[in-house]
Amino acid sequence: MRHNKKFNHLGRKSAHRKAMLSNMASSLILHKRITTTVAKAKALRSYVEPLITRSKDDSTHQRRVVFSHLQNKQAVTELFREVAQKIGDRPGGYTRILKTGTRLGDAADMCIIELVDFNTTYVKEAAKPAAKKTRRGGSKAKTGSDNMVAEEPKSRNQDSENATSTDEKAG
């Protein structure tokens with residue numbers, strides 16, 4: 001009986017599946033975004049999120065546990081240095097799957113899986129800094145004569161309003 005054996009085998013033997021998920025997890029950590037099929041992305045999400053959770057505690061034991069899954073020094077270093085700092089306060093859900101349509105050759109459902117905090121489109125903190133606002137001709141506005149000029153149209157408008165109101169009264 002197959003009770004509680006629900007994970008997707010992806011049509012591969014266990015050694016091939018573990019190697020593939022390890023390589024995909026390393027690529028995801030190093031590149032922050034990869035393109036793959038939806039089935040592989042869902043399997044990768046359940047594989048990589050516990051590793052990201054372990055990276056919150058930067059200890060030798062946690063590094064060794066993560067390295068036993070990833071088998072890639074650069075990916076482990078990147079995970080514990082950069083990724084762990086950005087996701088430190090997030091309680092879970094470190095990845096996002098965006099469906100992109102079907103593959104041309106075999107019509108497989110394709111998607112992009114990415115780390116949530118590294119996408120600049122959705123993250124408010126990573127937005128581009130606002131350009132320095134400059135005011136052209138700002139020195140002219142500081143003089144007293146220009147301030148009076150700015151007040152003149154107001155007085156003219158008031159005069160024209162008064163004139164129209166007196167015309168209406170007369171008419």
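Lys18, Met20, Leu21, Ser22, Met24, Ala25, Leu28 and Ile29 of α1 are in contact (heavy atoms within 4.5 Å) with Lys40, Ala43, Leu44, Tyr47 and Val48 of α2. By class, 10 nonpolar, one polar and two charged residues make up this contact. The model is predicted: local features need pLDDT of at least 70 and side-chain atom pairs count only at pLDDT 80 or more, while totals for chains, interfaces and linings use all residues. Residues are numbered from 1 along each chain as its sequence is written, and side-chain values use heavy atoms, with hydrogens and water left out.

**Helices**
- Helices (H or I, at least four residues) and strands (E, at least two) are DSSP runs, numbered from the N terminus.
- The axes of α1 and α2 (residues 38-54) come within 10 Å and cross at roughly 80°; axes are lines fitted to C-alpha atoms, for helices over the stretch in contact, and angles run from 0 to 180 degrees between N-to-C directions.
- The two helices, α1 and α2, are therefore roughly perpendicular to each other, a term for angles of 65 to 115 degrees.

**Sheet**
- Three strands make an open sheet in the order β1-β3-β2, with antiparallel pairing; two strands pair if DSSP finds at least two bridges between them.
- At the edges are β1 (33-37) and β2 (95-102), each pairing on one side only.
- Neighbouring strands of this sheet are turned by 25° against each other on average, direction ignored.
- Helix α1 (residues 14-31) packs on the sheet and touches β1, β2 and β3, its direction making about 145° with that of β1.

**Strands β2 and β3**
- Seven bridges join β2 to the antiparallel strand β3 (residues 109-115).
- Leu98 stands opposite Ile112 in β3, and Gly101 has Met110 of β3 as its bridge partner.
- Six residues lie between the strands in the hairpin of β2 and β3, where Ala107 takes a positive phi near 60°.

Conventions:
Angles under 35 degrees count as roughly parallel, over 145 as roughly antiparallel, 65 to 115 as roughly perpendicular and the rest as oblique. Ala, Val, Leu, Ile, Met, Phe, Trp, Tyr, Cys and Pro count as nonpolar, Asp, Glu, Lys and Arg as charged, and the others, Gly among them, as polar.
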